[in-house]
Number of protein chains: 2
Amino acid sequence: MIGNRRSPEKWDLETDVVVVGSGFAGLVAAAIARGRGAEVLVLEADHEIGGIMRISSGEYWIPNNSRMREAGIEDPKADCVKLMARLSYPTHYDPSSPTLGLRPRVHKLFETYYDSASPATEELAAIGAMGSVFSDGVTPDAEFNPQGHIEYHSELPENKIEYGRALMAETGGIHGPGQGQATIDLLVAHAGRVGIDIRVGHRVEDAYRNAGGAVCGVHAVTTSGTVDVRARRGVIFASGGFFHNEEMRTQLLRSTVWGVTAPHTNTGVFLRIAQGMGAMTENTDSLWWGQMGIEEVIDTHRSDNMAFWLYGDSMVLVNRRGVRVVNEKAHYNERGRIHTVYDATTKQYENNVLIQVYDDAVANNPEMGVKYPVPYPDQPTDHVLSGNTLAELAAAIDERLAKLASRTGGVTLAPNFTEHLAATIARFNTFAENGHDEDFGRGEAPGERGYSVLGLTRGVNRTMYPFAGSGPYYAVLLGAAGFDTNGGPSINEKAQVIDWDHNPIPGLYGAGNAIGAPGHGAYWSGGATLGNALVWGFHAGVNAAAEPVREA
Amino acid sequence: MIGNRRSPEKWDLETDVVVVGSGFAGLVAAAIARGRGAEVLVLEADHEIGGIMRISSGEYWIPNNSRMREAGIEDPKADCVKLMARLSYPTHYDPSSPTLGLRPRVHKLFETYYDSASPATEELAAIGAMGSVFSDGVTPDAEFNPQGHIEYHSELPENKIEYGRALMAETGGIHGPGQGQATIDLLVAHAGRVGIDIRVGHRVEDAYRNAGGAVCGVHAVTTSGTVDVRARRGVIFASGGFFHNEEMRTQLLRSTVWGVTAPHTNTGVFLRIAQGMGAMTENTDSLWWGQMGIEEVIDTHRSDNMAFWLYGDSMVLVNRRGVRVVNEKAHYNERGRIHTVYDATTKQYENNVLIQVYDDAVANNPEMGVKYPVPYPDQPTDHVLSGNTLAELAAAIDERLAKLASRTGGVTLAPNFTEHLAATIARFNTFAENGHDEDFGRGEAPGERGYSVLGLTRGVNRTMYPFAGSGPYYAVLLGAAGFDTNGGPSINEKAQVIDWDHNPIPGLYGAGNAIGAPGHGAYWSGGATLGNALVWGFHAGVNAAAEPVREA
């Protein structure tokens, strides 16, 4: 049975540390383990190196980092850990408790994150793998800021820092598309220099355990057969989430999630293996949330695109009744979860499909910015519905929903959709004129303005502008999406995978989206995903390299 | 490691089938296995027999049952399975698909449920364990109905049956408090007659597997030592959910769930063991949902009481802003989930604590009914807050919330609570006068009226009546609660526990709240919980008894 495979008669390969997965967590773990003297082999299921990092904008969240300290920005530990606790476990958070209301293990993970994130970046620089610089960004006033975007949650009293925790690799590039790939390129080049063997097309299916129960190797499948690799010191799983395992996606997530940016090779192999070893699991109903245009991913369940920030000022997001349900400018990880709300009266997930509605000024705004799924002039528009009046727009939406009904749980527009949408827009227009969204506080948090002001310059509150009094109007169908799932086996502060009694499973480490995210679904700020990948990849590399050589 | 224990040198006891847990699922499985000729031993961790069934009102949902057929009520299979699919996977449901849009395994479970539920009750009667009769109830017009309450979801087009699917054991009692215990008493008496050995105070901690990997026994702990029991044919886990494992509760559920009706011995042992055997898991973020007064369970996490139906006509449930968030008369499993909604603007679970507000007429209504947490005249009232005006009431709520702050994530009333509450009540009063709740459709579904009309006779729509123009007013703090969790290891149509490839784990069966509920969190109607316990307990008993004798 999975997770309990006994060592083969003969190994095809031997090394000190096997890393499963070549995304950011895996390559960081490999570089660190190699830097600490271990021989390292990286096995990548896909035919390309880099995992989900290939399409990332490449920043990582590092509290109290060396760049901040050089710039004189203080980031006290107590405050930062409180922020992490408050965001991760809002209903358990208790600032008066020694562990802030958290389980002691989780509190220790947060302290460890704070303590070791900057040293991890420094060690990566010292071994020549990757230097770190401030990630650049814009301020809430849309001015370029070399110290990055503002923190996602700067409005919370627990957050004491506005800028500087987000770093990125010193690639010569800027924060944005391409920076993730450039970071992978740096790490792969370093791997070549120091002799880290990276093999693509090696899909790990199981791990081997020795007579004492310690993990001592892996079983991989390639197009030409199987490969059994002995890991003398440890195995690090950084193999991504489970979204592309349809069984796991359907049975562990709550309602429909339409797609992710993760590659199709992320099929939850680590969850299978680690559960088979008795690992504790957590957060398995969660993703790094976002939204995608449903028609783009209805068959493929994957896209390079994500609606990070909903584009447009004269724009609202409404449900099938024509009613707003969320702050459209909230961060993607906050906003995406609104699709999973269950309606006790209709016994439906009424937000399964939401409708982004905007006017001609938004559609034709020549400025740049993160517009997806609103198309740029040269992009396909099949998914954009339009009408010269709201009633015409509703008819177009109705027609499209009818075509998709077998895939949406039969979503239709409510009979009074047009009337409600008109009322919603009228109310929104008043908010836009006054600059204050009485229903959802749109654009009030600096973190929202800091990410969504590009190309928006018309209103008192620049995130809102009254809709034009006449059409054409446009609509796009949006659904829940994400980068990948972020639940799975639990780790301790050494990135060791643990059982339900918190005993480590000897020789087994985890990092990245393959593990149950310590933050329990919270997105501490921009770069929290890669920050976790880096920090736990670092600890996995350090501790696996330091293991004694084991019997096979 | 857990789930991989090899057989001991010497067994303390031997039997054909070991059943872990003596709740309804366990006792049904035991009776069926014994009836089919197996020797059966039941191990109960608690010092009392019956598990959560002890406080149940004792009805089970059996489509197309023999009582219905005798009464001439037709319940066609295709319609019933559609109802189950629609409720369980609303966003995946597709009536045009051969599997209704579900994973084929799940569809087969639903078909099996329909096909075998009535035969299971008939076999229990035939072996002398337990006869079944209609569960009694009241109609939406508050008239006694010997065929039971109306189906929970009778308003859905997929539901074709109003009455009759809910059965209960022929105990001589009526549907309600005491009937669960009476049913346990029947099954225990039968067990005594047929020689089923039931041992309390035996906490199973692990299972044994033979050289071929099949489950062949269990390791139990008692106050006087350990007991190793060989199971020649199979082991059936019916050991309840995992709510009372604080680690699992905190890390697998999404936000705070305050308490359950399940006994404290339900600590997720089966999830641990089955994961350690490589079992597939599902639905692990879910409970059979409800609500409880938070102060009652803030330390114990357990109560015999549950707010099944929110009591009162001049009553609303509001959040910390004084705004209604749900149909107060929705069924408990639908309503309880509203507490888990995340607010993208405040980055909080704004419904973590909700406030049931009612007036003096409700507080002093002399009629009976399910009033909890509104106290009967002779019950404690410490948890009831009051004020002669809404402002005084708000002050009392504020004061109580301040005392509880360290346990609630710091919930406070929003600054404009009183003003919003007044507006909410004014709007509600208009709805009550017109008989139509424009916001949440309160009282429109027959299933709501059928369960909450007792003692409510004043309004046009009897679930709503305008609040008195003057105080006193009352408030109770409510939070998410449940019977127990209902996620865990997955089964096939034989109640065999399966791995992620759907291969059965030989010798291992599961039923009741210990398994991942096939309904994925849906409550098909009154009795769906015990119906699942009975049906999968039945299959586990049938199939475990039919296994060949295994090597130990």
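Which residues lie nearest the centre of the largest cavity? They are A:Arg254, A:Thr340, B:Arg254, B:Asp285 and B:Thr340, among a lining of 25 residues. This is a predicted model, in which local features need pLDDT of at least 70 and side-chain atom pairs count only at pLDDT 80 or more, while totals for chains, interfaces and linings use all residues. Residues are numbered from 1 along each chain as its sequence is written, chains are lettered from A and ligands numbered from 1 in the order in which they are written, and side-chain values use heavy atoms, with hydrogens and water left out.

**Interface of chains A and B**

- Contact, meaning heavy atoms within 4.5 Å, involves 72 residues of chain A and 72 residues of chain B.
- The buried area is about 6000 Å², with 47% of it from carbon and sulfur atoms; buried area is the accessible area (1.4 Å probe) that two parts lose on being put together, summed over both.
- Between the two chains, 49 residue pairs are in polar contact, both residues being at pLDDT 80 or more. A polar contact is a pair of N or O atoms within 3.5 Å; within protein, one must be able to donate a hydrogen and the other to accept it, and residues adjacent in sequence count only if both atoms are side-chain atoms.
- On the side of chain A that touches chain B, at least two residues each come from several elements, including α4 (104-126), α7 (269-276) and α11 (390-408). Helices (H or I, at least four residues) and strands (E, at least two) are DSSP runs, numbered from the N terminus.
- α6(A) gives the most to this side, with six residues.
- By class, this side of chain A has 25 nonpolar, 29 polar and 18 charged residues. Ala, Val, Leu, Ile, Met, Phe, Trp, Tyr, Cys and Pro count as nonpolar, Asp, Glu, Lys and Arg as charged, and the others, Gly among them, as polar.

**Salt bridges**

- Over all chains there are 74 salt bridges, each a side-chain nitrogen of Lys or Arg within 4 Å of a carboxyl oxygen of Asp or Glu.
- The interface of chain A and chain B has 10 salt bridges; B:Asp501 and A:Arg272 form a salt bridge, at 2.9 Å from N to O.
- Within chain A, A:Glu123 pairs with A:Arg36 at 2.8 Å between the closest N and O atoms. A:Glu123 is in helix α4 and A:Arg36 in the loop between α1 (24-35) and β3 (40-43), 87 residues apart.

**Backbone**

- Most residues other than glycine have a negative phi, and most peptide bonds are trans.
- The bond from A:Tyr372 to A:Pro373 is cis, with omega near 5 degrees, and A:Pro373 is in the loop between α10 (360-363) and β18 (385-387) of chain A.
- A:Gly471 and A:Pro472 are also joined by a cis peptide bond, with omega about 5 degrees.
- A:His502 has a positive phi, near 75 degrees.

Notes: 1 Å grid on protein atoms, 1.4 Å probe; cavity = no way out; pocket = protein on both sides within 12 Å on 5 of 7 lines; lining within 4 Å.
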